[in-house]
Amino acid sequence: MIRITFPDGSVREYEKGVTGLVIAQSISQRLAQEVLAASVNGETWDLTRPIEEDATVNLLKWDDDEAKHAYWHSSAHLMAEALQVLYPGIKFGIGPAIENGFYYDVDPGEGVVIKEADFPAIEKKMMELIAAKEEIVRQSISKKDAVALFSGRDEHYKVELINELEDGTITTYTQGEFTDLCRGPHLPNTSYIRAVKVLSSAGAYWRGDEKRPQLTRLYGITFPKKKLLDEYLLMLEEAKKRDHRKIGKELQLFAFSQTVGAGLPLWLPKGTQLRMRLEDFLKRIQREFDYEQVITPHIGHKQLYVTSGHYAKYGKDSFQPIHTPEEGEEFLLKPMNCPHHCEIYKTFPRSYKDLPLRLAEFGTVYRYEQSGELHGLTRVRGFTQDDAHIFCTPDQVKDEFLKVVDIIFIIFKALDFENFEAQISLRDPENKEKYIGSDENWEKAERAIVEACEEKGLKARVELGEAAFYGPKLDFMVKDALGRRWQLGTIQVDYNLPERFELEYTGADNQKHRPVMIHRAPFGSMERFVAVLIEHTAGKFPLWLAPTQAVILPVSEKFNDYAYSVVKELKRFEIRAEVDDRNEKVGRKIRDNELKRIPYLLIVGEKEADNEEVSVRKQGGIDQGSVKLRTFAEEMARDVEKMMNPPLGQI
Ligand SMILES: [Zn+2]
Ligand SMILES: [Zn+2]
């Protein structure tokens, strides 16, 4: 008998060789139906894999990420099996699970193209294989046998992968006629998969290398219930409607010009309004938290980046240096603001009394991205970070983390991101030599981050081994209105740059010490954040951010003058308003301006003009009737003021 410990601490005895599925059955039939994989001593296992010794077991269901991963990975195999039937001679690359679904890279052979029109046939074959309830069988195999097996099938991509593996670690998974080189884990059989959809195809170079053959990457997704698939497809439709590139164009927020260059956004007047409002909002918070604004140039001497280490790491992949004509100097477009800020730190001798020093900059940086990777405002070549660097003593790290977490909470709340997740990335305790900085400082900083999250009631996932070599970090991910996750803010401890730039302060002991540096950017970049905000709100920005807050709609030309006087009055209250004086019926004007997602439409006719009133129609078609213009302006100004300046203490 062996002892199985469950997450709640309870222990049960089972016969040696028991499987996750048998354990689930021993608990309840219902659980056995829902369980998809088992976590055995922290590793995800097939439900049918025998457990030979005492172990801690957690039975994983659809809501567990690891279970979803096994589910979608099994679905990748299922799609491959279907493709093998439909496209004899097809060769397989890799087929992993991804955040939403899975893909398989395939080589269908010379001249064979898998088109969207072929997807239904693939789905149909997958459903047939599901109905056949094929068992998915794991097998350990020697390297020699694995090479023989896959060479025999002419699967040269797989053979290349096997050659890089160590003997004794290789496993295959087989279902029906299909065998894959695979570490697993997988579902017990194909019938666990209920609803399937092949989503799209794209070209992908074998191993991401453009000198190697181009394969076809087929994306798909599957669910244990048809209803979940339908919901997902609906979400995809909605996401298309909310695409920030589409809305950005409709609302005239930003544009791209091939003449200026790909990946270099041009902020149009309305988009600039929006962005400046966000910047003002952040600047106010930064002031409250004792940050100091600085401004640094867009380029830096090559030596600056040699010192910072960025040149050695990114130099050859980044933009080419700019040469001065006479002096032969080399400059680089700045890829990050930190080296400049280190130089600002060094302009004066610093004492412990000067710390923490918090330098903030809306710093525009430039990074080379392949043209094929560029995407709207989320993947660009030039962007502005809401950057700041905190220089502090090792003992101040925790306090500074608490403050940055406060700032992030204020921002998420003001912008209606109610759902967010956090991840703490720590050192790999087995490989401490990989990291720079003293053991003592690492322990102090890691403890500081964990405690700061606990004190703020922030549930953060802890990932060991995910820290950068130069320090631990805390990342924030927001979930938008469609449930999609976006990586936003990061707080990163850094022991590397202070060392490289030889930053110092004089301690109370009159000795020289190295400060700790903390990089933090709650939005990440203004471009990325605005993209997320557009997709989260579908372009219906909160009132205080809306580029145009009200449009005045005169019912006829006769009232145009009054309409313009309304705009003038609203301007006194810093309300951004326009007149729609087109010679159109008022119904048409209402429809057109609603499409522009304007928060307030103010209709004016004879009655309004005579009484200095406006007839208010709020976004969403809610008629609020006529009110005095003065009252409307005062109330709206008060609402905006409240939203822009949330009470900072109450979070
Ligand atoms: Zn696999
Ligand atoms: Zn930085």
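## Zinc ion (ligand 1)

Donors are N, O and S atoms within 2.8 Å of the metal, and water is not among the atoms, so sites may look incomplete. In this predicted model, the donors of the zinc ion (ligand 1) are spaced along the chain as H-x3-H-x104-C. They are His73, through NE2, His77, also through NE2, and Cys182, through SG, at 2.1 to 2.3 Å.

The site brings together distant parts of the chain: His73 belongs to helix 3 (residues 65-86), while Cys182 lies in the loop between strand 11 (178-181) and strand 12 (195-205), 109 residues apart. His73 is buried, its relative accessible area being 13%. Cys182 is buried as well, with a value of 7%.

Buried means under 20% relative accessible area. His389, at 0%, is therefore buried, and His519, at 13%, is therefore buried also.

In soluble globular proteins, nonpolar side chains tend to be buried together. The largest nonpolar core of this model contains 86 residues, and those with the most contacts inside it are Leu278, Leu415, Leu474, Phe476, Ile552 and Leu570. Helix 13 (residues 397-414) contributes the most to this core, with 12 residues.

Within the largest core, Ile552 is one of the residues with the most contacts. Beyond residues up to four places away in sequence, the partners touched by Ile552 include Ala563, Val566, Val567, Leu570, Leu602 and Val604. Ile552 also touches Ala577, Glu578, Val579 and Asp580.

Five strands make up an open sheet of mixed pairing, in the order 30-29-31-32-33. Strand 30 (577-579) and strand 33 (622-628) are at the edges; each has a single partner strand, so one side of each is left without a neighbour in the sheet. On average, neighbouring strands of this sheet are turned by 25° against each other, direction ignored.

Strand 31 (residues 600-604) and strand 32 (residues 613-618) run antiparallel and are joined by four bridges. Opposite Tyr600 stands Lys618 in strand 32.

How values were computed: Residues numbered from 1 in each chain as written. Chains lettered and ligands numbered in written order. Predicted model: local features only at pLDDT ≥ 70, side-chain atom pairs only at ≥ 80, totals over all residues. Heavy atoms only, no water. Donors = N, O, S within 2.8 Å, 3.2 Å for Na, K, Ca; no water. Helix = DSSP H or I, 4+ residues; strand = E, 2+ residues; numbered from the N terminus. Buried < 20%, exposed > 50% of the residue type's maximum accessible area, 1.4 Å probe, protein only. Core = buried A, V, L, I, M, F, W, Y, C linked by side-chain atoms within 4.5 Å. Contact = heavy atoms within 4.5 Å. Pairing = 2+ DSSP bridges. Axes fitted to C-alpha atoms, helices over the stretch in contact; angles between N-to-C directions.
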